[in-house]
Amino acid sequence: FPSHDRQAQNVHMRFGFSNVIDSSTNYSWFEQFSEGVGVTYATDHTPSFIKVGYAENASTSYAGVTYGKILDYTNTNKRPSTSLLNAADNNGAGYILNRGGYFRNGYGPINALDFFLGGSGATFTTNTRISLYGVK
(Lines give C-alpha, C1' and ligand atoms only; values in the text may rest on other atoms or scores of the structure.)
Protein backbone atom coordinates (compact mmCIF):
# COMPACT_ATOMS: atom_id res chain seq x y z
CA PHE A 1 0.00 0.00 0.00
CA PRO A 2 1.12 3.58 -0.55
CA SER A 3 3.97 5.19 1.31
CA HIS A 4 4.15 8.81 0.24
CA ASP A 5 4.59 12.44 1.24
CA ARG A 6 3.81 16.05 0.26
CA GLN A 7 0.26 15.63 -1.05
CA ALA A 8 -2.85 16.79 0.80
CA GLN A 9 -4.97 14.10 -0.81
CA ASN A 10 -6.68 10.83 -0.07
CA VAL A 11 -5.27 7.81 -1.85
CA HIS A 12 -8.01 5.80 -3.53
CA MET A 13 -8.09 2.23 -4.82
CA ARG A 14 -10.25 0.28 -7.25
CA PHE A 15 -10.38 -3.47 -7.83
CA GLY A 16 -9.99 -5.21 -11.16
CA PHE A 17 -11.79 -8.38 -12.16
CA SER A 18 -10.85 -10.25 -15.35
CA ASN A 19 -8.20 -7.54 -15.90
CA VAL A 20 -10.85 -4.76 -16.02
CA ILE A 21 -10.79 -2.06 -13.32
CA ASP A 22 -14.31 -1.49 -11.94
CA SER A 23 -14.98 2.28 -11.68
CA SER A 24 -18.71 1.97 -10.95
CA THR A 25 -20.27 3.14 -7.67
CA ASN A 26 -20.17 -0.37 -6.20
CA TYR A 27 -17.80 0.34 -3.30
CA SER A 28 -18.28 1.31 0.34
CA TRP A 29 -15.76 2.66 2.84
CA PHE A 30 -15.61 3.84 6.44
CA GLU A 31 -12.99 5.65 8.46
CA GLN A 32 -12.21 6.65 12.03
CA PHE A 33 -9.51 9.26 12.51
CA SER A 34 -7.91 11.48 15.12
CA GLU A 35 -5.49 14.39 15.12
CA GLY A 36 -4.45 14.12 18.74
CA VAL A 37 -7.79 15.07 20.36
CA GLY A 38 -11.10 13.31 19.82
CA VAL A 39 -12.17 10.84 17.16
CA THR A 40 -14.18 11.48 13.99
CA TYR A 41 -16.09 8.93 11.92
CA ALA A 42 -17.11 9.07 8.25
CA THR A 43 -18.62 6.65 5.74
CA ASP A 44 -19.75 6.52 2.11
CA HIS A 45 -21.80 3.76 0.49
CA THR A 46 -21.88 4.94 -3.14
CA PRO A 47 -18.35 5.96 -4.18
CA SER A 48 -16.45 4.58 -7.16
CA PHE A 49 -13.41 3.71 -4.99
CA ILE A 50 -12.20 2.70 -1.54
CA LYS A 51 -10.15 5.23 0.44
CA VAL A 52 -6.89 3.55 1.41
CA GLY A 53 -4.32 6.20 2.37
CA TYR A 54 -3.78 9.81 3.29
CA ALA A 55 -0.90 12.17 2.71
CA GLU A 56 -0.09 15.48 4.34
CA ASN A 57 -0.05 19.08 3.13
CA ALA A 58 1.64 19.72 -0.23
CA SER A 59 3.63 22.63 1.24
CA THR A 60 5.34 20.39 3.79
CA SER A 61 7.41 17.24 3.75
CA TYR A 62 5.51 15.29 6.40
CA ALA A 63 5.60 11.58 5.73
CA GLY A 64 2.59 9.27 5.67
CA VAL A 65 2.35 5.50 5.55
CA THR A 66 -0.45 2.97 5.09
CA TYR A 67 -0.44 -0.69 6.01
CA GLY A 68 -3.36 -2.77 4.86
CA LYS A 69 -4.80 -6.06 3.77
CA ILE A 70 -7.11 -7.07 0.98
CA LEU A 71 -9.08 -9.89 2.53
CA ASP A 72 -10.20 -12.94 0.56
CA TYR A 73 -9.03 -11.46 -2.75
CA THR A 74 -9.08 -14.88 -4.44
CA ASN A 75 -12.32 -16.15 -2.90
CA THR A 76 -15.22 -16.37 -5.37
CA ASN A 77 -17.79 -16.73 -2.55
CA LYS A 78 -17.01 -13.56 -0.55
CA ARG A 79 -17.03 -9.87 -1.40
CA PRO A 80 -13.48 -8.43 -1.49
CA SER A 81 -12.79 -6.14 1.47
CA THR A 82 -9.95 -4.09 2.95
CA SER A 83 -8.59 -3.38 6.41
CA LEU A 84 -6.18 -0.44 6.62
CA LEU A 85 -4.20 1.55 9.17
CA ASN A 86 -2.76 4.95 8.19
CA ALA A 87 -0.44 7.27 10.08
CA ALA A 88 1.12 10.62 9.20
CA ASP A 89 3.21 13.28 10.86
CA ASN A 90 1.13 16.44 11.25
CA ASN A 91 3.78 18.93 12.36
CA GLY A 92 4.53 16.74 15.35
CA ALA A 93 0.86 16.37 16.39
CA GLY A 94 0.32 13.08 14.56
CA TYR A 95 -2.62 11.82 12.53
CA ILE A 96 -3.96 8.30 12.72
CA LEU A 97 -6.63 6.75 10.55
CA ASN A 98 -8.40 3.39 10.60
CA ARG A 99 -10.08 2.64 7.27
CA GLY A 100 -11.95 -0.22 5.72
CA GLY A 101 -13.98 -0.87 2.62
CA TYR A 102 -15.52 -3.47 0.37
CA PHE A 103 -16.85 -4.10 -3.11
CA ARG A 104 -20.64 -4.47 -2.93
CA ASN A 105 -21.48 -5.82 -6.38
CA GLY A 106 -19.67 -9.06 -6.95
CA TYR A 107 -17.07 -11.46 -5.76
CA GLY A 108 -13.37 -12.14 -6.38
CA PRO A 109 -10.95 -13.06 -7.58
CA ILE A 110 -9.26 -9.67 -7.84
CA ASN A 111 -6.49 -9.68 -10.43
CA ALA A 112 -5.74 -5.94 -10.81
CA LEU A 113 -5.55 -2.84 -8.59
CA ASP A 114 -5.72 0.85 -9.48
CA PHE A 115 -4.32 3.46 -7.04
CA PHE A 116 -4.92 7.17 -7.59
CA LEU A 117 -5.15 10.46 -5.67
CA GLY A 118 -8.52 12.07 -4.98
CA GLY A 119 -7.68 15.68 -5.85
CA SER A 120 -8.12 17.18 -9.29
CA GLY A 121 -4.77 17.05 -11.07
CA ALA A 122 -3.05 15.53 -8.02
CA THR A 123 -0.02 13.35 -8.65
CA PHE A 124 2.10 11.07 -6.50
CA THR A 125 5.41 12.64 -5.49
CA THR A 126 8.83 11.36 -6.37
CA ASN A 127 9.77 8.24 -4.41
CA THR A 128 6.17 7.21 -3.81
CA ARG A 129 6.09 3.46 -3.36
CA ILE A 130 3.29 0.91 -3.49
CA SER A 131 4.39 -2.57 -2.45
CA LEU A 132 2.33 -5.74 -2.57
CA TYR A 133 3.26 -8.76 -0.47
CA GLY A 134 1.79 -12.23 -0.28
CA VAL A 135 0.17 -12.16 -3.71
CA LYS A 136 -0.29 -15.67 -5.10
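Trainee: What should I know before reading the numbers?
Mentor: The model is predicted, so local features need pLDDT of at least 70 and side-chain atom pairs count only at pLDDT 80 or more, while totals for chains, interfaces and linings use all residues. Residues are numbered from 1 along each chain as its sequence is written, and side-chain values use heavy atoms, with hydrogens and water left out.

Trainee: How many helices and strands does the protein chain have?
Mentor: The chain has 0 helices and 11 strands. Both are DSSP runs numbered from the N terminus, helices being H or I with at least four residues and strands E with at least two.

Trainee: What share of the residues is buried?
Mentor: Of the 136 residues, 42% count as buried. Buried means under 20% relative accessible area, exposed over 50%, and partly exposed in between, with a 1.4 Å probe and protein chains only.

Trainee: And which share of the contacts joins residues at least 24 apart?
Mentor: Among contacts between residues at least 6 apart in sequence, that share is 68%. A contact is heavy atoms within 4.5 Å.

Trainee: Rings next. How many aromatic pairs are there?
Mentor: The whole structure holds 5 aromatic pairs. Rings of Phe, Tyr and Trp (its six-membered ring) pair if their centres lie within 6.5 Å; planes under 30 degrees apart are stacked, over 60 edge-to-face, and the rest tilted.

Trainee: Why is the pair of tyrosine 27 and phenylalanine 103 edge-to-face?
Mentor: Their planes stand at 70°, so the pair gets that label, with ring centres 5.1 Å apart. Tyrosine 27 sits in strand β4 (residues 27-34) and phenylalanine 103 in strand β9 (residues 95-103), 76 residues apart.

Trainee: Are those two buried or exposed?
Mentor: Tyrosine 27 is buried at 0% relative accessibility, and phenylalanine 103 is buried at 2%. Ring pairs also link Tyr27 and Phe103 with Phe15 and Phe17 into a cluster.

Trainee: Where do phenylalanine 49 and phenylalanine 116 lie?
Mentor: The rings of phenylalanine 49 and phenylalanine 116 are edge-to-face, with centres 6.3 Å apart and planes at 90°. Phenylalanine 49 is in the loop between β5 (40-44) and β6 (50-54) and phenylalanine 116 in strand β10 (residues 112-117), so the pair ties together parts 67 residues apart in sequence. Phenylalanine 49 is buried, at 16% relative accessible area.

Trainee: Changing topic: where is leucine 132?
Mentor: Leucine 132 lies in the segment after β11 (129-130). Leucine 132 is partly exposed, with a relative accessible area of 48%.
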